[in-house]
Amino acid sequence: MTVVRISNDSLALACGADEVAAAFDAAGCTVERVSSWGMHWLEPLAEIDGQGFGPLQPQDVAAVLSGQSAKAIGPIEQHPFIARQQRRTFVRAGKTRPLSLEDYAATGGWEGLRRARDIGSEAIVTEVTTSGLRGRGGAGFPTGIKWQTVARAQAAQKYIVCNADEGDSGTFADRMVMEGDPFLLIEGMAIAGLAVEAMRGYIYIRSEYPHAIATMEAAIRASADIVAPFVLEVRVGAGAYVCGEETSLLNSIEGKRGEVRAKPPLPALEGLFGKPTVVNNVLTLAAVPWLLAHGGAAYAEVGFSRSRGTMPIQIAGNVKHGGLFETGFGVTLGDLVDDIGGGTASGRPVRAVQVGGPLGAYHPPSDFHLPFDYEAFAAADGLIGHAGITVFDDSVDMSRQARFAMSFCAAESCGKCTPCRIGSTRGVELIDRISERKGRAPDRIETLPQMHNAPKVERTLGDEIALLEDLCETMKFGSLCALGGFTPYPVLSALHRFPEDFGITPVVEPAE
Amino acid sequence: MAEDGATRAKHMKPSLEQIIAEHAHREGPLLPILHDVQASFGHVSDDAIRSIAHALNLSRAEVHGVVSFYHDFIQTPDPRPSLKLCRAEACQARGVEALAATITVPDGVRIETVYCLGLCSVGPNAMAHGKLHARLDAAKLAALMEMLA
């Protein structure tokens with residue numbers, strides 16, 4: 001009997017994988033539901049004896065089974081998109097059934113946890129430090145140092161919290177780990193628990209990910225005995241983007257408004273319920289089993305400069321070959337967009353690429369030489385964030401994107417700090433005025449004699465742009481967290497790199 | 001605790017008291033309670049806020065503050081079926097704004113904006129009745145509207 005492997009990842013389901021699976025089933029095949037290879041333009045992708053077919057619709061099934069399908073892509077493992085990757089976190093992607101303990105153990109699962117139990121707390125932290133692993137959520141903080149801080153803290157209760165509130169547009173790697181390889185995340189958290197001597201872990205998943213929630217809950221039940229005495233629980237978010245910020249996430253688990261906390265105290269010392277807490281992103285924790293099993297030094301062999309190891313890069317937006325591409329740091333942005341991503345899906349020229357989600361900068365193609373590396377992007381006034389890349393073609397209006405960044409910040413601000421809460425709304429108003437290409441006359445209040453500092457003459461377009469830059473400066477340095485603090489990245493990059501969309505010619509671009 | 005989903009499935013519509021009793025012993029019980037109340041009753045009423053506050057020894061203001069903070073909780077019921085349309089950057093890059101302009105929303109249906117369903121390489125995307133839909137075009141979106149109406 002023919003065995004057909006089709007993903008049950010929610011992206012494949014959204015593209016109609018269930019219908020295709022039912023058609024294979026009706027044709028007498030045995031259908032195995034596996035994780036996704038990450039070649040999203042080919043979903044629903046069917047695999048028969050290593051050969052791939054996609055993107056399929058139910059009516060394609062007969063041709064596939066008779067060997068006549070025009071949608072055959074050859075051996076999946078040798079597909080250039082897969083063959084060029086260095087998969088460590090996503091080593092099982094496309095190959096195993098997500099909730100099969102048998103598949104997980106047969107593919108090296110629990111090896112990291114076994115070794116962690118053998119070597120003990122201090123040696124685990126040393127391995128993680130040696131690996132050079134940095135927080136994959138965006139901040140890039142060295143994981144080993146964070147773990148060491150929690151390990152040294154004295155407390156009766158400590159927590160491991162996994163940040164799975166993947167709200168950034170253009171990112172989906174956390175979702176793919178949770179839906180495709182849930183035991184990997186559980187193993188990573190159990191190792192973190194051993195490292196810092198925490199007995200309890202929470203996975204905070206956004207409510208927009210119902211499939212990931214269901215898969216993680218089932219996986220936690222299935223593996224409870226394996227990770228015991230470590231106990232895990234899923235907590236579901238409630239539609240607040242800002243809860244992806246670690247202190248806001250902790251407040252949310254505690255049952256409070258998802259407001260950001262001022263730091264210090266660091267969550268490592270006073271985190272969940274005031275106890276020492278490791279807060280790590282899904283991808284950080286999911287990288288841990290591999291580096292424990294193979295050694296921190298082996299993990300650090302790959303990478304670029306101070307960014308060690310691999311990064312699961314998410315290629316999204318208007319791109320021909322979108323999907324998950326895991327590779328060592330150092331690959332250039334141009335390679336990712338043009339070569340691996342195949343350029344835009346619309347066939348029009350690429351105009352801008354937003355790297356790092358809604359709080360990341362927009363880069364023009366003149367930045368395509370940039371290597372994927374925390375420091376290189378920071379030096380170019382950008383960030384790699386959670387490694388999502390959103391491609392836009394030349395139909396994009398960058399002043400609209402800048403406005404969206406401000407309005408998104410206004411909608412999602414937790415309200416705790418003024419620059420973010422009020423600055424974002426003022427930013428929307430400012431960009432609206434700039435888009436109308438007109439200045440602003442003083443209003444009634446501003447003309448009152450008491451308002452000494454208010455300008456009494458009309459503000460020109462140039463004044464308004466200077467004001468927007470000033471506002472961004474205030475938000476960047478005055479906000480408590482990355483939401484208000486990083487919203488200036490998309491706004492200022494749009495303004496400075498695409499000034500023509502704001503009615504200014506590049507020559508009169510204001511000095512920075 | 002891990003039995004939540006199963007427990008919910010057994011009693012389709014648990015009472016407020018049952019929901020509170022099920023979660024009250026947990027660390028940080030408020031969000032799980034509010035999720036279940038929202039799922040069972042379609043909104044979190046003032047009465048529910050009063051009972052939850054009493055059970056958890058919180059002030060009503062504290063519970064109200066939490067309910068009003070999160071987009072997922074609403075305080076007045078809206079029985080209309082909704083289409084959650086993603087309008088974040090990746091879907092914008094794939095033309096969701098032009099697509100949204102073509103929609104005629106039938107009576108009795110509402111469109112909610114969500115920021116990201118995590119299918120950013122195959123947008124525009126939407127969720128209806130818990131089911132995800134990708135690669136939307138005007139025809140597919142119109143069919144979804146029809147289905148919801």
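1. Chain A and chain B of this predicted model bury about 3,900 Å² between them, of which 54% lies on carbon and sulfur atoms; buried area here is the accessible area, taken with a 1.4 Å probe, that two parts lose on being put together, summed over both. On the side of chain A, the residues that lose the most area to chain B are A:Ala238, A:Arg257 and A:Phe404, which together account for 15% of what that side buries. Counted by residues, 69 of chain A are in contact with 40 of chain B, contact being heavy atoms within 4.5 Å.

2. A word on conventions: residues are numbered from 1 along each chain as its sequence is written, and chains are lettered from A, with ligands numbered from 1, in the order in which they are written. Local features need pLDDT of at least 70 and side-chain atom pairs count only at pLDDT 80 or more, while totals for chains, interfaces and linings use all residues, and side-chain values use heavy atoms, with hydrogens and water left out.

3. Across the interface of chain A and chain B, 29 residue pairs are in polar contact, both residues being at pLDDT 80 or more; a polar contact is a pair of N or O atoms within 3.5 Å, where within protein one must be able to donate a hydrogen and the other to accept it, and residues adjacent in sequence count only if both atoms are side-chain atoms. Several elements of chain A give two or more residues to the side that touches chain B, including helix H1 (10-14), strand S7 (200-205), helix H10 (210-227) and helix H16 (398-412). H16(A) gives the most to that side, with six residues. The residues of the side of chain A that touches chain B divide into 32 nonpolar, 21 polar and 16 charged, where Ala, Val, Leu, Ile, Met, Phe, Trp, Tyr, Cys and Pro count as nonpolar, Asp, Glu, Lys and Arg as charged, and the others, Gly among them, as polar.

4. The count of salt bridges over all chains comes to 38, and the count between chain A and chain B is three; the rule asks for a side-chain nitrogen of Lys or Arg within 4 Å of a carboxyl oxygen of Asp or Glu. One salt bridge joins A:Arg200 to B:Glu27, with the closest N and O atoms 3.4 Å apart. Another joins B:Arg26 and A:Glu233 at 2.5 Å, N to O. That pair crosses between chains, from the loop between helix H2 (16-23) and helix H3 (30-41) of chain B, which holds B:Arg26, to strand S8 of chain A, which holds A:Glu233.

5. Chain A has an open sheet of five strands in the order S2-S1-S3-S4-S5, with mixed pairing; two strands pair if DSSP finds at least two bridges between them. Strand S2 (30-34) and strand S5 (72-75) stand at the edges with a single partner strand each, so one side of each is left without a neighbour in the sheet. Strand S1 (residues 3-7) and strand S3 (residues 46-48) of chain A run antiparallel and are joined by two bridges, and A:Ile6 has A:Ala46 in S3(A) as its bridge partner.

6. Another open sheet of five strands in chain A has the order S13-S12-S16-S14-S15, again with mixed pairing. Its edge strands, S13 (323-328) and S15 (362-363), each pair on one side only.

7. Chain B has eight helices and four strands, both being DSSP runs numbered from the N terminus, helices (H or I) of at least four residues and strands (E) of at least two.
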